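Have the viewer open and follow along.

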Amino acid sequence: MILMNVSALETPAVLIDLDIMLSNIAQMQRHCDALGKAFRPHIKTHKIPEIAHMQLEAGAVGIACQKVSEAEVFADAGVEDIQIPYNIVGERKLDRLMGVNRVCRLTVSADDPAVIDGLEAAARRHNARLRVMVDLGTDIQRTGAPPERVVELARRIRDSQRLDFAGLLVYPSTVSNRPRIQAALTMLHDAGFAVDSVSGGGIGGAAQAADVPEVTELRVGTYIFNDVNTLNAGLCGIEDCAMRVRMTVVSRPDADRVILDGGSKTIAADRTDDGHGLIVEYPEARIYKLSEEHAHCDFSACSARPSIGDIVHVIPVHTCVVTNLHDRIYGVRGDYVEEIWEVAARGMVY
Ligand SMILES: Cc1ncc(COP(=O)(O)O)c(C=O)c1O
């Protein structure tokens, strides 16, 4: 339904091209279906329950959330299968986690006996059972146990009273991490564990998934909107970038400098060697600096210059953090706004 013309929106405004987003949803689901892997979209990219329901209707088995507060929003919105691939630590947070566990099929991950013991204590307090995956460390060196510790952790889960061993969690499940996955699985099998699920992910992991057959499920987030990072990684084209931040030229201080009305509070401070985002109408321009409310752009490489009052559209460097900066974002088709979504899990980082 057409709600208004895009020109009626104040700038800066975060637009989502609905046709591109729907195509991205369908394409990733087809990719997973063709590989025989379950698809579990990571909602940290959009933080909007209405979009999660579209992903589920397209065939996703459930969703992944990064934080308990995010999971609370999506459980409230009726999502029935939620994974939190994160060490949940602290009694108050664990009590909230158990609240989510009461209303949906919840799975969490753990990479240390202390984390497992906290989960077990919470499950006891709430007289409930909880599904726990073992988080396997990878080459990004974030969380995750090395392969040789995975059996010890799986045993601790199995030998607990209230926890169920739910498989192996890997991020990112790229080819470079396949030897670790294989080593961990061999050790688990040798120790008598049936591993029903190997949940991998990341947009790079999804692209390489055919070469990591051990992975049974993929968690991917960024694919839904895409951004300069996924463009630069060769994982999408400009035509697959659904998020464009509509901005107005507010100053032309000299011949080559153009100032837009959104800065780090609008598109976040992430940058690449090429700057802070891609201006669709002027791909040769460079956003070389961001103030809080200004984008400083160098147009010296462009044959044309915009005037004060002109509108441009910026593809951000990292779409997931942009969503978290805005109360609402707009689904558009051509010149028309067809959806206004509240970013319901905005700020849900605890
Ligand atoms: C644990 C985990 N799984 C999946 C993803 C999704 O990755 P991507 O944004 O590359 O799709 C992330 C991203 O940060 C993650 O941390």
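## The nonpolar core

This is a predicted model, and its largest nonpolar core takes in 95 residues. Within that core, Ile82 and Leu119 have the most contacts. Helix 1, covering residues 18-35, supplies the largest share of the core, with six residues.

So who does Ile82 touch, leaving aside residues up to four places away in sequence? Its contacts are Arg40, Ile63, Cys65, Ala71, Phe74, Ala75, Cys104, Arg105, Leu106 and Thr107.

## Around the ligand

Now for the ligand. The residues surrounding it are His42, Lys44, Gln66, Pro85, Arg142, Tyr171, Gly202, Ile203, Arg219, Val220, Gly221 and Thr222.

For Ile203, a backbone N or O atom sits 2.9 Å from a ligand oxygen. Gly221 also uses a polar backbone atom, at 2.7 Å from an oxygen of the ligand. With Thr222 the polar atom belongs to the side chain, and it lies 2.5 Å from a ligand oxygen. On its own the ligand would expose 390 Å², and the protein buries 91% of that.

## Strand 2 and its partners

Strand 2 spans residues 13-17 and is mostly covered, with four of its five residues buried. It runs antiparallel to strand 11 (residues 243-251), and four bridges join the two. In that pairing, Ala13 has Arg246 as its bridge partner.

Strand 2 also pairs with strand 17 (residues 328-333), this time in the parallel sense and over three bridges. There, Asp17 stands opposite Val332.

Methods: Residues are numbered from 1 along each chain as its sequence is written. This is a predicted model: local features need pLDDT of at least 70, side-chain atom pairs count only at pLDDT 80 or more; totals for chains, interfaces and linings use all residues. Side-chain values use heavy atoms; hydrogens and water are left out. A nonpolar core is a set of buried Ala, Val, Leu, Ile, Met, Phe, Trp, Tyr and Cys residues joined through side-chain atoms within 4.5 Å. Buried means under 20% relative accessible area, exposed over 50%, partly exposed in between (1.4 Å probe, protein chains only). Contact means heavy atoms within 4.5 Å. A residue is near a molecule or strand if one of its heavy atoms lies within 4 Å of it. A polar contact is a pair of N or O atoms within 3.5 Å; within protein, one must be able to donate a hydrogen and the other to accept it, and residues adjacent in sequence count only if both atoms are side-chain atoms. Accessible areas come from the Shrake-Rupley method with a 1.4 Å probe; for residues, only the protein chains shown count as cover. Two strands pair if DSSP finds at least two bridges between them.
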